[in-house]
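Me: Please take a close look at one strand of this structure. Then say how other parts of the structure are arranged.

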There are 2 protein chains.
Amino acid sequence: MKTKFVKNAVGRMIPETINGKKVTPFKGVGKHRPTGNKYGPPIPTCIDFSSDGNKVVKSLNDALKKCGMKDGMTISTHHHLRNGDLVNNTIFDIAHKMGVKDLVWFPSASFPCNEPITKHLENGTINRIEGSMNGALGRFASHGKMKGTAVLRSHGGRVQAIQDGEVKIDIAVLAAPSSDVFGNANALDSSSSCGVLGYSKADFLYADKVIVVTDNLVDFPNMPMEIEGNYVDYVVVVDKIGIPEKIISGTTQITKSPDRIYVAELTAKFLEESGILKDGCFMQAGAGGTSLAIGNFVHQILKAKGWKSQVGFGGTTKYMVQMLEEGTMEHILDAQAFDLGAVASISENKNHHQYSVFNAYNYHSKGNLTSMMDIMILGATEVDLNFNGNVATHSDGYLLHGIGGWQNCLHAKNVILPIPLFRDRIPVIRDEVTTICGPGELIDVIVTERGIAINPLRKDLIKQMKKSKLPIKTIQELKDEAERICGKPRAIEFEEKVIAAIKWVDGTVIDVVKQVKE
Amino acid sequence: MKTKFVKNAVGRMIPETINGKKVTPFKGVGKHRPTGNKYGPPIPTCIDFSSDGNKVVKSLNDALKKCGMKDGMTISTHHHLRNGDLVNNTIFDIAHKMGVKDLVWFPSASFPCNEPITKHLENGTINRIEGSMNGALGRFASHGKMKGTAVLRSHGGRVQAIQDGEVKIDIAVLAAPSSDVFGNANALDSSSSCGVLGYSKADFLYADKVIVVTDNLVDFPNMPMEIEGNYVDYVVVVDKIGIPEKIISGTTQITKSPDRIYVAELTAKFLEESGILKDGCFMQAGAGGTSLAIGNFVHQILKAKGWKSQVGFGGTTKYMVQMLEEGTMEHILDAQAFDLGAVASISENKNHHQYSVFNAYNYHSKGNLTSMMDIMILGATEVDLNFNGNVATHSDGYLLHGIGGWQNCLHAKNVILPIPLFRDRIPVIRDEVTTICGPGELIDVIVTERGIAINPLRKDLIKQMKKSKLPIKTIQELKDEAERICGKPRAIEFEEKVIAAIKWVDGTVIDVVKQVKE
């Protein structure tokens with residue numbers, strides 16, 4: 001039977017079911033109201049746990065067996081060990097040896113080191129990935145080779161789906177740089193330190209079974225307990241959970257490209273002139289080279305004016321720590337540490353706090369941090385004339401990125417996208433984005449090396465910038481300029497097959513990605 | 001129709017229903033296995049919350065109205081402000097003015113300052129209290145004057161009942177010494193500081209609606225967020241949530257009574273000779289005068305031997321802080337601070353950790369702290385020849401105390417009850433306790449001023465102490481000695497009416513309390 005498609009609120013055609021489950025098409029920002037109650041995992045009892053609190057079993061293989069791993073289960077993992085992770089692939093190697101089939105891998109993100117997972121997608125161990133599909137895995141999916149349909153969610157959408165019972169995690173396997181025998185775990189003071197485990201909270205709260213995998217068993221109580229042992233079933237001690245130099249990458253450096261530095265400078269000037277940058281503001285910038293440069297400019301402006309940002313939300317780098325230590329930032333809320341400076345700061349600075357994405361990004365919460373942010377610096381692979389943004393696919397149609405916190409961050413008061421006007425001679429501003437990951441009404445400003453476009457919905461900003469000497473243009477002007485230089489980009493052709501669904505922060509489907517025509 | 005009664009595993013007759021709900025009679029320690037899933041409160045959405053994170057409403061009255069307070073709802077509160085609390089009674093004054101009837105008050109404990117609640121039990125605003133019934137409220141219930149049947153649970157049983165959906169909290173009203181506008185709250189650095197809010201965790205996690213009441217609104221983010229704003233609906237700012245000198249009582253002093261000091265000394269010697277006291281042990285002692293004296297003796301022994309307790313669990317006092325600071329204790333896990341020394345220590349000492357009863361005491365958890373404790377010092381109003389213990393009623397039949405953490409703590413490796421042989425010439429050791437709050441198999445040692453009785457089930461301890469010079473006796477000998485001095489106590493007569501149920505840690509009913517015959 002052919003799947004029926006319906007048009008959603010941003011005009012994209014959405015299948016009625018995905019992976020055999022009925023889905024709700026995107027209805028517009030703030031238009032979908034959830035019903036029902038949060039998921040409650042099965043009630044455990046102390047009867048089933050050793051009275052001395054010791055949950056250590058001899059291997060991950062044992063732990064997975066004790067958890068009753070079987071066909072069709074959903075296995076969740078976090079990505080705090082990033083490209084140095086040595087745990088996540090192992091799970092599926094074990095599953096394959098056990099002859100288990102059709103698992104759903106539900107990571108908070110995937111990395112190039114997860115490329116070996118493709119063989120388990122091929123051999124039937126894994127049915128599909130519900131999570132980000134960076135690089136090789138995305139290409140695999142884009143070729144239509146994944147058995148099930150991928151589901152991409154933002155970090156906040158992921159925890160919303162867990163909390164609401166939309167995704168039921170059978171087994172969460174959570175790598176931890178340190179744990180005690182009870183399963184209290186954190187990411188500090190270890191050879192595999194990654195600073196924070198902010199992506200594991202929804203997993204341990206809601207998974208039916210929880211396994212902590214560590215290479216550093218410490219005395220009870222292991223404090224702070226970012227993972228609470230009360231939710232943990234088994235603790236596995238291995239030689240090494242990760243490769244330290246790949247866990248904390250050395251790539252968080254301010255850009256040296258003159259074009260990007262110029263974009264960063266334009267952005268900082270815009271923030272200053274528009275009044276968005278102010279004493280006490282809440283701000284978030286990513287760890288990309290341009291974002292870091294913007295952060296640095298902002299740091300200088302704050303310093304010159306004697307101002308202070310009240311809250312910086314991270315993905316944290318040494319640059320943000322510098323702001324904290326030099327007094328231009330009051331608090332860092334941190335869900336993920338990107339470099340060693342950030343990791344060290346968590347232990348050293350009283351106002352550098354671990355803060356989970358569950359608290360920062362969950363749209364099905366009683367408010368969250370995203371909408372309180374004054375300044376939000378984000379990227380995009382494409383933006384269109386309606387300011388709609390794409391972060392998942394490239395202009396060649398390939399699914400090559402996860403959504404990360406991008407959709408969640410769109411809820412900030414001022415969302416600013418510093419982007420190049422073109423990449424590899426392909427214009428970034430399009431008539432229509434290949435994949436809509438975020439609706440244009442939430443994207444306020446585009447800053448490129450050839451000008452700044454303000455969303456017409458932001459009449460206040462347009463008025464404020466009327467007399468500015470900054471190169472304010474319309475988005476149409478920017479697009480025309482790019483096309484004058486690069487030519488009009490060719491339309492991409494897709495096969496019929498839907499290979500991935502893009503969820504919105506409220507669990508509805510905002511777009512789908514189709515198989516690339518070769 | 002007459003209620004049918006069934007005999008439970010400790011021989012007590014339990015009605016089939018309490019407050020119209022079917023109950024499960026106690027089946028024995030570790031014999032009742034829960035089924036089903038944890039409760040999930042309704043899914044909220046950011047749509048309903050101000051994007052700037054501000055949840056402040058102008059009064060508690062307003063907040064309760066916005067929460068839709070109506071007849072029959074369950075209202076939960078914590079007891080961290082103890083006898084200085086100025087919030088809890090107010091809720092029911094407001095409810096009374098609003099004409100709301102038949103509420104269930106579900107406090108984590110009640111105090112003498114809650115005596116005014118009796119008028120709302122009389123005027124129909126409150127149907128019953130599910131929680132401790134200290135002093136006046138217990139007497140009121142014991143006279144058969146409460147409309148519904150009281151339900152008493154241990155601190156751990158309370159959070160188990162919340163988590164399992166046995167008690168559904170409609171509105172949690174949580175007083176907090178500091179909060180930001182988002183509802184992130186803690187108990188530090190304020191005129192109403194109480195150090196810890198460890199009793200509020202299950203409430204904010206599982207209540208349908210959560211109100212934070214504070215007299216100290218601070219900048220976002222208020223860290224640490226012992227109450228997480230993500231679960232909070234409304235924040236109310238009042239002049240004063242409590243009377244500081246009554247929040248932290250000055251009564252946590254080592255006993256000066258020679259009899260009690262002797263009991264404390266006997267207990268400490270027993271701990272030492274039996275080998276229960278050892279390097280690295282986990283220990284818990286209460287805040288009563290005798291317990292504190294025991295703690296002090298233990299401190300001296302540890303010091304002399306160069307040993308260290310790895311974990312002390314509190315209710316914390318300055319005496320425990322002294323152990324931490326003088327190096328005879330490695331960590332304090334703290335669910336409740338009893339004096340100013342303890343409150344100050346939480347901010348000052350890195351190894352003094354806030355630790356909720358939800359993590360320490362919940363029997364429907366994947367293990368908890370109680371069974372890991374080596375040394376557990378507890379009290380009792382009565383103990384019987386089978387070592388069964390009573391903490392709720394007095395020997396005159398009146399319900400005058402809450403269970404507190406007592407039942408939970410019985411799961412420790414060595415449970416020791418230092419008690420006087422008689423109180424006001426009434427023997428404490430009885431043929432049968434008036435109310436069974438804990439089964440004898442979990443109580444290991446009774447220490448009185450006239451001798452020490454070891455539970456016959458603890459053959460290891462009996463063997464270990466064979467050559468001791470300490471006055472080891474049988475419990476029968478202790479009982480006979482008490483009766484030689486005070487005479488055989490007179491049996492108490494009760495009416496037929498069940499006025500309270502005593503729950504066990506797993507939600508089953510271990511005993512009931514009947515109306516006192518006047």
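Reply: Two strands pair if DSSP finds at least two bridges between them; strands (E, at least two residues) and helices (H or I, at least four) are DSSP runs, numbered from the N terminus. The model is predicted, and local features need pLDDT of at least 70, side-chain atom pairs count only at pLDDT 80 or more, and totals for chains, interfaces and linings use all residues. Residues are numbered from 1 along each chain as its sequence is written, while chains are lettered from A and ligands numbered from 1 in the order in which they are written.

S10(A) pairs with strand S6 (residues 74–77) of chain A in the parallel sense, over two bridges. In that pairing, Ala172(A) of S10(A) has Ser76(A) opposite. S10(A) also pairs with strand S13 (residues 209–214) of chain A, again in the parallel sense, over six bridges. There Lys209(A) in S13(A) stands opposite Ile171(A).

In a regular strand the side chains alternate between the two faces of the sheet. Ile171(A), Val173(A) and Ala175(A) point one way from S10(A), while Ala172(A), Leu174(A) and Ala176(A) point the other way. A residue is buried if 20 or more other C-beta atoms, placed from the backbone, lie within 10 Å of its own, exposed if 12 or fewer, and partly exposed in between.

H15(A), residues 475–486, has 12 residues and reaches 16 Å from its first C-alpha to its last, close to the 16 Å expected (1.5 Å times one less than the number of residues). Its residues Ile475(A), Leu478(A), Lys479(A) and Ala482(A) are buried. Seen down the helix axis, the buried residues of H15(A) fall within an arc of 100°, so they line one face of the helix; the arc is that of the directions from the axis to the C-beta atoms. On the other side of H15(A), Gln476(A) and Arg484(A) are exposed. The buried residues pack against several strands of chain A, including S26 (445–448) and S27 (451–454); two residues are in contact if their C-beta atoms lie within 7 Å. Just after H15(A), Gly487(A) takes a positive phi of about 85°.

The contact between the chains takes 45 residues from chain B and 44 residues from chain A. On the side of chain B that touches chain A, strands S16 (309–316) and S17 (329–337) of chain B are the elements that give two or more residues.
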